[in-house]
Amino acid sequence: MRDVPLGIVAEYACEDADITLQIADALGPEVEARGVAEVCYEVECPLVPVLVEMEYQGIRLDSEALNKYSTVLAREIEELRTKIFDEAGREFNIASPKQLGIVLYDELKLVDNPKKTATGQYSTKESELLRLAPKHDIVANVLEFRSAQKTQISFTSISCPTRLIPSPASSIPITAKPGRQLEGCSPIIQISKRSRYGRSGGREIRAAFVPRDSEHLILAADYSQIELRIMAALSQDPTMLEAFRSGTDIHSVTAAQVYKVPMEEVDREMRAKAKMVNFGILYGISAFGLQQRLNIPRAEANSLIDNYYEKYPGVREYFDRTIRFAEENEFVKTQTGRRRQLRDINSRNRTLKNASERLAMNSPIQGTAADMLKLAMIKVHHALRDGEFKTKMLLTVHDELVFDMYREEAEAVMPVIESCMKTALEIDVPIEVEMGTGENWLEAH
């Protein structure tokens, strides 16, 4: 640009500004007419400078540790490959769905009537393999092989020295869906610490995200059960509201309700199943889906769902009310007015209609949670700036915010961040924020 004659640059800049103004003049009234002014002017637009600042800050990555872990992964991948070949009785391309399907269904005959894709191939998607995992060790090993390979490719193949990397999760917001996504790249950071690899694991990956220097710690601030709390607020179910207001463990409450036993008789297995029911209901899970997730008889899955709606009637009424609204308007909306269009909600195709109904049930909840996090980011950004804190916000991952926290500010800045997150969006349920600090992201969360 510096080499372009000034007159041409001036004409280009004026035209750029003029066209932008014309577009704003055209879209402004439509924003108001569609009722999305709040989400546009109070959520998405103010979020842009926050994301720019986060991307500018980046986050320090211990790439040497990741490279070492990559070597470990390579060894484990080869060990898994050998196990899979031994269990199959021959070598084949594990990454090929076609070849894997032949091994699992034609040769090992794991099921009598295996599912097939639209092209006629055997289905080897993750959900199907998870269902088959108890039948043969090869399935569990294939799942681990896939996850380990994906982790190696996505996160650990880094040849540069330790450096500050642009924050991948802080990119342009995607608003066509329920508002949850922030589109990132290279890689998209979506790492759980619960299992071994990648999307379903990643303890070593999280441990590689470190503070910028010895004067800082990583601070992780995570909304606790935010979608369930929002569901309680939107549905106004009295039993669910009371559980959150009294601070009682919601999964234990649900276990007592669906199994029809006193709270003191709820055991770990009952609570774990109730937890799956709680989160499954959010996404409109069917008895078949719950049966697959929990590996339980269909009758038990049906009973769990029926008991859930019996004990939480407000949730059923809320979902019914939301579906009726969607059928009348072909969209649903979040508390801030963000819309999710549902073109197929009145389709005669039952499959399309069922899918739209599940979206209608979940989108206002998931989208409101997303809006709350975005509003929290805006509020935290302003609080850190106005308070002249050295602590910087670096990442947002799911319901979590990650910070480079200046050690000497810990006592002052942590309550500020917690308050901003708790008061980001007013809802009729107490909001809880869990906070942790450490020498890396794993220690902090």
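This report walks through the sheet, the nonpolar cores, the aromatic pairs and the salt bridges of the structure above.

## About the model

The model is predicted, so to speak of a local feature pLDDT must be at least 70, and side-chain atom pairs count only at pLDDT 80 or more, while totals for chains, interfaces and linings use all residues. Residues are numbered from 1 along each chain as its sequence is written, and side-chain values use heavy atoms, with hydrogens and water left out.

Let us start with the strands. Helices (H or I, at least four residues) and strands (E, at least two) are DSSP runs numbered from the N terminus, and two strands pair if DSSP finds at least two bridges between them.

Strands β7 and β8 run antiparallel and are joined by 5 bridges, with Val397 opposite Glu400 in β8. The two strands form a hairpin with 2 residues between them, and His398 in the turn has a positive phi of about 55 degrees. Of the 6 residues in β7, 5 are buried (buried means under 20% relative accessible area, exposed over 50%, partly exposed in between, with a 1.4 Å probe and protein chains only).

## Two nonpolar cores

A nonpolar core is a set of buried Ala, Val, Leu, Ile, Met, Phe, Trp, Tyr and Cys residues joined through side-chain atoms within 4.5 Å. The largest one holds 77 residues, and Tyr223 and Tyr308 touch the most other members. Helix α15 gives the most to this core, with 13 residues. A second, separate core of 38 residues includes Leu80, Ile94, Leu129 and Phe209.

## Aromatic pairs

Across the whole structure there are 7 aromatic pairs. Rings of Phe, Tyr and Trp (its six-membered ring) pair if their centres lie within 6.5 Å; planes under 30 degrees apart count as stacked, over 60 as edge-to-face and the rest as tilted. Phe85 and Phe92 have ring centres 5.8 Å apart and planes at 65 degrees, so this pair is edge-to-face. Both Phe85 and Phe92 are buried.

Phe209 and Trp441 are also edge-to-face, at 5.4 Å centre to centre and 80 degrees between the planes. Phe209 sits in strand β3 and Trp441 in helix α17 (residues 441-444), so the pair ties together parts that are 232 residues apart in sequence. Phe209 is buried at 4% relative accessible area, and Trp441 is buried at 0%. Elsewhere, Tyr308, Tyr309 and Tyr312 make up one aromatic cluster.

## Salt bridges

A salt bridge is a side-chain nitrogen of Lys or Arg within 4 Å of a carboxyl oxygen of Asp or Glu, and the count by this rule is 22. Arg81 and Glu78 form one of them, with their closest N and O atoms 3.0 Å apart. Both residues lie in helix α3 (residues 63-88), 3 residues apart, about one turn of the helix. Arg81 is partly exposed at 25% relative accessible area, and Glu78 is partly exposed at 41%.

Asp404 and Arg212 meet in a salt bridge of 2.7 Å, N to O. Asp404 lies in strand β8 (residues 400-406) and Arg212 in the loop between β3 (209-210) and β4 (216-223), so the pair ties together parts that are 192 residues apart in sequence. Asp404 is buried at 1%, whereas Arg212 is partly exposed at 27%. Arg338 and Asp371 form another salt bridge, with closest N and O atoms 2.5 Å apart; Arg338 is buried at 4% and Asp371 at 0%. Glu44, Arg338, Asp371 and Lys374 are linked in a network of salt bridges.
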